[in-house]
Amino acid sequence: MNKKCQIYLLLIMLLMACESVVTIDVPQEPSRLVLNSIINEDAYIEVFLSRSKYVLSNSQLEAVDGAEIMLEEDGQVIARLEANRTSTLSGVYTTDYKPKAGNTYTLKASHPDFNSVESSTTIPVVVPIHTLKYDTTVYEDSYYDYNDSLVTKRYVSLDDIWLGISDPPEEENFYEIVLYHYYQEVVEMYDEEGNYQGYDTVDYAIPVYITSDDPVVSENDFFEDSGYVGSSLLFSDEIFNGKTYTIHFEESYGSVYYSNKEQENEYLLQLRSLNKSQYQYLRSIDLQYDTEGNPFSEPAPVYNNIEGGYGIFAGYSLDAKTISLQD
């Protein structure tokens with residue numbers, strides 16, 4: 001063995017001898033209630049209640065049943081939320097009350113196994129869509145129908161969109177733009193013996209990926225609604241407070257291709273007026289998503305406004321426009 005090899009071998013042995021395992025003791029705090037609820041004028045109030053997990057735990061999210069949840073409006077108790085027995089998830093509580101813009105709502109949740117939690121939020125007054133313009137592209141598409149016949153049709157694709165906002169003066173405003181595409185899915189039907197009985201259609205409104213290079217916009221890649229993950233545009237009025245401002249964005253992935261082509265090609269565009277809590281929550285989700293898996297990034301904790309526990313209670317109002325594309 002030459003002298004160089006002997007030196008390398010000695011260095012490797014020294015490095016192996018210096019290796020040590022450092023154990024970090026992470027304290028385990030008592031589990032707390034986690035309350036999540038986003039409310040708006042167009043829907044009944046719904047709450048999902050779960051329990052917090054140990055920071056190093058890999059266990060599944062554990063819902064909490066058997067809690068008492070009271071709803072207050074402007075300081076007055078107006079409803080007790082009941083467990084939603086029709087939901088496929090446990091830990092879901094609902095009431096048949098729809099909140100109103102401008103009012104303040106408080107949720108108080110208690111359970112014998114946890115400390116009580118509470119939180120308050122206000123639904124902002126809606127800021128209407130001031131102007132709406134869009135560009136389209138006409139194209140041809142071919143597909144086979146259920147008789148195996150080749151069908152060729154012309155369709156219109158939604159491209160660039162310009163949305164104008166008349167922002168209220170002398171107040172902070174927070175916005176989110178969400179675009180849905182109406183989607184019709186063909187579902188095959190079978191009898192109890194498994195024999196084919198034909199097909200039916202089910203209608204959905206699914207979020208569409210949208211992007212913008214406008215300097216006021218922060219893309220919120222973690223937008224989730226009705227089980228579909230999409231992309232919304234999140235921004236405040238810091239740059240254009242009290243002015244009329246037009247935001248340009250575009251539909252990114254041509255969602256019309258997901259349609260079975262037998263329905264009207266329609267979109268639903270929502271301009272949501274968020275309260276500050278929801279804006280901060282969505283921004284924190286976005287930051288955490290962007291830094292996930294990066295060992296050199298600073299921790300991005302998710303925004304929390306639940307006293308005595310964790311989670312988010314926030315609200316928004318919205319104005320919506322339907323976009324119907326015609327050939």
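Analyst: Let's start with Ser 273, whose side chain reaches the backbone nitrogen of Val 127 at 3.2 Å. That is a polar contact, meaning a pair of N or O atoms within 3.5 Å; within protein, one must be able to donate a hydrogen and the other to accept it, and residues adjacent in sequence count only if both atoms are side-chain atoms. Bear in mind that this is a predicted model: local features need pLDDT of at least 70, side-chain atom pairs count only at pLDDT 80 or more, and totals for chains, interfaces and linings use all residues. Residues are numbered from 1 along each chain as its sequence is written, and side-chain values use heavy atoms, with hydrogens and water left out.

Where does Ser 273 lie? You'll find Ser 273 in strand β19; strands (E, at least two residues) and helices (H or I, at least four) are DSSP runs, numbered from the N terminus. Ser 273 counts as buried because its relative accessibility is 3%. Here buried means under 20% relative accessible area, exposed means over 50%, and partly exposed is in between (1.4 Å probe, protein chains only).

Leaving out residues up to four places away in sequence, Ser 273 touches Pro 124, Val 125, Val 126, Val 127, Phe 174, Tyr 175, Gly 315, Tyr 316 and Ser 317. Touching is a contact, with heavy atoms within 4.5 Å. Ile 123 sits 150 residues from Ser 273 in sequence, yet their C-alpha atoms are 8.5 Å apart in space.

The side chains of Glu 176 and Arg 272 meet in a salt bridge at 3.9 Å, N to O. A salt bridge is a side-chain nitrogen of Lys or Arg within 4 Å of a carboxyl oxygen of Asp or Glu. Both Glu 176 and Arg 272 are buried.

The structure holds 5 salt bridges, so let's visit some others. Side chains of opposite charge can pair when their charged atoms come close. One of these joins Glu 72 and Lys 108 at 3.2 Å, N to O. Glu 72 lies in strand β4 (residues 68–73) and Lys 108 in strand β7 (residues 104–111), so this pair ties together parts 36 residues apart in sequence. Glu 72 is buried at 13% relative accessibility, whereas Lys 108 is partly exposed at 35%.

Arg 51 and Glu 62 also pair through their side chains, at 3.7 Å, N to O. Arg 51 is in strand β2 (residues 46–51) and Glu 62 in strand β3 (residues 62–63), 11 residues apart. Arg 51 is partly exposed at 29% relative accessibility, and Glu 62 is partly exposed at 43%.

Now for another serine, Ser 119, in strand β8 (residues 114–122). Its relative accessibility is 4%, so Ser 119 counts as buried. The side chain of Ser 119 reaches the backbone oxygen of Asn 305 at 2.8 Å. Beyond four places in sequence, Ser 119 touches Tyr 105, Thr 106, Leu 107, Asn 305, Ile 306 and Phe 313.

Finally, the wider picture. The protein has 2 helices and 20 strands, and 38% of its 327 residues count as buried. Among contacts with a separation of 6 or more, 66% come from residues 24 or more positions apart.
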